[in-house]
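Hello,

Here is the structure we talked about handing over.

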Amino acid sequence: MPAIVILGAQWGDEGKGKATDLLATTETIDYVVRTSGGHNAGHTIVIDGEKFATHLLPTGILTPGCTAVIGNGVVVSVPQLFKELDALRERRPELGELVVSASAHVIAPYHPTIDKVTERFLGNNKLGTTGRGIGPAYGDKVNRLGLRVADLFDEKILAEKVEASLEVKNQLLAKVYNRRAVEVDAVVEELLSYVDRLRPLVADTSLMLNQALDRGETVLFEGAQATMLDVDHGTYPFVTSSSAIAGGVCTGAGVGPTRIDRVIGVIKAYTTRVGSGPFPTELFDADGEKLWKVGGEVGVSTGRDRRCGWYDAVIARYASRVNGLTDLFLTKLDVLSSWEKVPVCVAYEIDGVRHDEMPMTQTEFHHAKPVYELLDGWWEDISGCRSFADLPVNAQRYVQACEEMSGTRIWGVGVGPGREQTLVVHD
Ligand code: GDP
Ligand code: IMO
Ligand code: MG
């Protein structure tokens with residue numbers, strides 16, 4: 001299996017870090033590649049009871065012998081990159097190698113400023129972004145006012161690009177947002193101060209990955225964010241600014257779609273969401289509180305509480321479709337122990353009409369009410385189970401029901417945060 005994609009099937013935080021780490025340690029993976037987003041992500045890995053979080057770095061950096069790659073589709077905050085690398089290296093000196101695409105866009109110091117003031121001006125309509133400058137950096141990319149990693153190696157070009165990028169932004173900051181204008185020289189000076197450390201990490205990663213695939217090496221693409229946060233296929237405008245679906249992997253890494261062999265969607269056995277936007281199965285009662293508490297549903301990047309709700313099979317089917325999923329990895333099944341009945345959303349009712357598929361318009365999705373089927377629950381603690389047959393029969397039925405409703409086979413099930421707390425259902 002030379003090229004494998006792992007991505008989020010819901011609204012993020014499904015356990016992509018754990019799934020990536022699991023494959024990186026059980027199979028021989030040569031490269032782990034991030035292709036979208038930036039340090040808005042927070043991926044957790046638990047190794048021998050010790051917890052690690054990555055944001056901008058691919059989790060493969062924690063696997064010695066594995067090369068971690070930041071692809072061209074990522075937006076890179078260089079100080080964050082160094083900070084994360086140093087913090088991880090302090091705890092695990094034997095980190096894998098890191099390579100950064102010369103074509104990745106840079107999050108400049110003014111991008112988080114604009115992210116935050118824009119949110120403030122939106123008031124009640126704010127998106128609840130991570131405030132990391134992700135949207136403004138991607139905005140500059142498509143507006144052709146962005147800075148790419150390679151631009152940092154040409155001082156003259158860099159100064160010209162920063163000046164062009166700030167021309168309108170400074171007018172906006174000063175005249176609309178009542179903020180101080182940003183000085184071109186200060187930005188250029190800051191970015192240039194990173195060059196000596198950055199330069200040796202930078203390469204043509206598209207060429208490198210395609211050559212690796214030609215040699216039959218294995219490349220794992222580690223998705224960030226998720227299908228429902230995808231800028232095209234998510235709950236727009238309550239989305240991130242990148243292509244988080246499988247298609248985004250090709251543009252974000254510079255590999256063709258014919259090279260991808262397997263696409264694994266990571267999905268929680270229930271649903272969570274951070275930030276604003278519609279969420280049909282969201283719970284505001286004691287069940288929601290219990291999911292939040294038992295699931296430890298607090299964001300890894302921003303420390304915000306995650307909103308919680310039941311499993312949504314309409315979303316699972318949608319994610320299977322838009323990503324062409326070959327497998328699902330169902331995480332956090334252990335959190336559902338001790339409910340007599342577990343509701344699962346099988347369809348939506350929208351203005352009196354049943355919808356089995358994701359509705360076409362934003363307005364319809366905002367009006368969607370879940371149609372629930374009640375599945376029998378189980379009481380046993382399943383966190384020690386290590387094979388599918390170890391699970392209580394109702395937990396097995398829950399997994400089978402999720403598989404049938406999504407139309408995609410479930411490859412593995414998570415019963416705890418640890419690497420070892422995983423059951424393989426279909427090899
Ligand atoms: P990611 O962004 O998709 O990588 O996911 P996050 O790391 O943001 O959030 C997932 C959380 O669930 C982390 O705290 C993981 O350690 C934890 N986790 C992952 N899989 C499981 C599981 O099967 N059971 C439990 N209880 N926790 C899990
Ligand atoms: P991982 O990879 C969950 C959400 C933010 C906000 C919206 C836009 O850990 O699953 P942005 O800062 O990207 O412009 O914010 O997207 N968001 C995530 N939610 N997990 C993530 O990443 C997220 N990355 C962005 O909360 O609602
Ligand atoms: Mg996360």
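Below is what turned up, from the overall fold to the ligand, the salt bridges and the surface.

Keep in mind that this is a predicted model.

**Overall**
The protein chain has 13 helices and 20 strands. Its radius of gyration is 22 Å, close to the 22 Å from the globule rule for 427 residues, so the chain is as compact as a globular protein of that length. The C-alpha trace spans about 65 × 50 × 40 Å along its principal axes. Of the 427 residues, 57% count as buried.

**Ligand 1**
Ligand 1 is surrounded by 18 residues. The closest are Lys16, Gly17, Gly42, Thr44 and Asp334. In the side chain of Asp13, an N or O atom is 2.9 Å from an oxygen atom of ligand 1. Gly15 places a backbone N or O atom 2.8 Å from an oxygen atom of ligand 1. For Gly416, a backbone N or O atom lies 3.1 Å from a nitrogen atom of the ligand. On its own, ligand 1 has 580 Å² of accessible area, and the protein covers 93% of that.

**Salt bridges**
Side chains of opposite charge can pair when their charged atoms come close. The whole structure holds 21 salt bridges.

Arg419 and Asp21 form another salt bridge, with their closest N and O atoms 2.7 Å apart. Arg419 sits in the loop between β19 (410-414) and β20 (422-424), while Asp21 is in helix α1 (residues 16-26), so the pair ties together parts that are 398 residues apart in sequence. Asp21 is buried, at 3% relative accessible area. Arg419 is partly exposed, at 24%.

Two further pairs:
- Arg215 bridges to Glu217, with the closest N and O atoms 3.1 Å apart. Arg215 counts as exposed at 52% relative accessibility, and Glu217 is partly exposed at 22%.
- Asp356 meets Arg354 at 3.0 Å, N to O. Asp356 is partly exposed, with a relative accessible area of 37%.

**Surface**
Which residues form a nonpolar patch on the surface? They are Phe121, Val168, Leu172 and Val176, with about 380 Å² of accessible area together. Helix α5 (residues 155-176) gives the largest share, three residues. Phe121 is found in helix α3 (residues 110-122). With 54% relative accessibility, Phe121 is over the 50% cut-off, so it counts as exposed.

Best wishes

Key
Residues numbered from 1 in each chain as written. Chains lettered and ligands numbered in written order. Predicted model: local features only at pLDDT ≥ 70, side-chain atom pairs only at ≥ 80, totals over all residues. Heavy atoms only, no water. Patch = residues over 30% accessible without salt bridge, like charges linked within 9 Å, V, L, I, M, F, W, Y side chains within 5 Å. Areas by Shrake-Rupley, 256 points an atom, 1.4 Å probe, with all protein chains shown as cover. Salt bridge = Lys/Arg side-chain N within 4 Å of Asp/Glu carboxyl O. Helix = DSSP H or I, 4+ residues; strand = E, 2+ residues; numbered from the N terminus. Buried < 20%, exposed > 50% of the residue type's maximum accessible area, 1.4 Å probe, protein only. Near = heavy atom within 4 Å. Polar contact = N/O pair within 3.5 Å; in protein donor to acceptor, adjacent residues only side chain to side chain. Rg over C-alpha atoms; globule rule 2.2 N^0.38 Å.
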